[in-house]
Amino acid sequence: PTPSASPDTLVVAGYGGSYEEAFKQTVIPEFEKSCACKVTYIAGSSTDTVAKLKAQQAAPQIDVALIDDGVQNQAVEAGLLTALDPKTVTHLPQVIDLARLPGDVGVGFSLNATGIAYNTDYYEKNGLPAPRRLADLADPKLKGKLVMPSITQTYGLGALVIAAKVGGGSEQNIDPGFEGVKKVAANAVTFDTTADVSNYFLQGQAVASIWGNSRVQVLADKDYPIEFVYPEEGALPLIATVNVVNKAPHPDLAQKFVNALLEPSTQVTMAKSNFNGPVVEGVTLDPALARRVVSQERAAELRKLDWNVINKNRSAWTERWNKEIETS
């Protein structure tokens, strides 16, 4: 039998990169100590993880899934996840509204924002004012210097929804979004599908992008001259969710793991290691760190996306994006 089949091995599927490092260094060893169990971590994107859950639906091998809120909504619709048990997940009442999910099927465990990232040195040397709005990325001086996220990942979708809002539209009326994105995308050097555009910045291929705050801070920590801007039109929340898989092999351990992620001490650890904003009320961070994560005051200003509408239209929007944005 594989290690995951042993009765005391919890299998967690989640994000790779800096998330995986942080989990393996701190979160997992602490949980293993407290539960006298082993944890196996399988790294992959949210869509990869949900594809695995679908493939294993008849006989799940994963206990806990860490996935972005939009993809999580699809997993709920497909019956892949189960509700949290308030008797075990005792921190649920302290979770902020933005991170609570319908019927408590899963919960947000960290908070991020989609906004604008830009190379401060390049902007200064070229006399460009710091970007304040999405439309600023349509400046002809940025031609071939912008990494545009693809619609297949949350940042690209965020750009579309922000542009729609600016043009008087919304998730329900997306046409103005395509008009707005088209102008910005004219400057794109590439359309990124990975959600990690660090290398484009590091290699000088890009000086601006639509990206997430925590990823910008990770790059800034390497002494790269980059800053994150909450656009005037309003940044969009990007919530990482933790979920117990329906018919998980170790349901009780899985519920305990969810509660462990909501422990104030774990919330602080994730803010320190990955610049993820805490979702639990009353978590205090060192002021310098607090300025670099999405604070709960800031969270109150972020608007929840209508994932039901988005997911119903997503394949049609993707087809339209490929025709109108990426091929033009």
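**A close look at one residue**

Author: Leaving out neighbours within four places in sequence, Thr114 is in contact (heavy atoms within 4.5 Å) with Tyr155, Ile162, Ile210, Trp211, Phe228, Pro231, Ala235, Leu236 and Leu238. This is a predicted model, where local features need pLDDT of at least 70 and side-chain atom pairs count only at pLDDT 80 or more, while totals for chains, interfaces and linings use all residues. Residues are numbered from 1 along each chain as its sequence is written, and side-chain values use heavy atoms, with hydrogens and water left out.

Thr114 belongs to strand S5, residues 107-119; strands (E, at least two residues) and helices (H or I, at least four) are DSSP runs numbered from the N terminus. Is Thr114 buried or exposed? Its relative accessibility is 2%, so Thr114 counts as buried. Buried means under 20% relative accessible area, exposed over 50% and partly exposed in between, with a 1.4 Å probe and protein chains only.

In helix H3 (residues 69-77), the buried residues are Asp69, Gly70, Val71, Gln72, Asn73 and Ala75.

Elsewhere, the whole structure holds one disulfide, taken as a pair of cysteine sulfur atoms within 2.5 Å. Cys35 and Cys37 form it, with their sulfur atoms 1.9 Å apart. The torsion about their S-S bond is about -75°, so this disulfide is left-handed. Both Cys35 and Cys37 are buried.

Now for the whole chain, which has 13 helices and ten strands. Of its 328 residues, 54% count as buried. Among contacts with a separation of 6 or more, 72% join residues 24 or more positions apart. The radius of gyration is 20 Å, which agrees with the value near 20 Å for a compact globule of 328 residues; the radius is taken over C-alpha atoms, and the rule is 2.2 Å times the number of residues to the power 0.38. Along its principal axes, the C-alpha trace spans about 60 × 40 × 35 Å.
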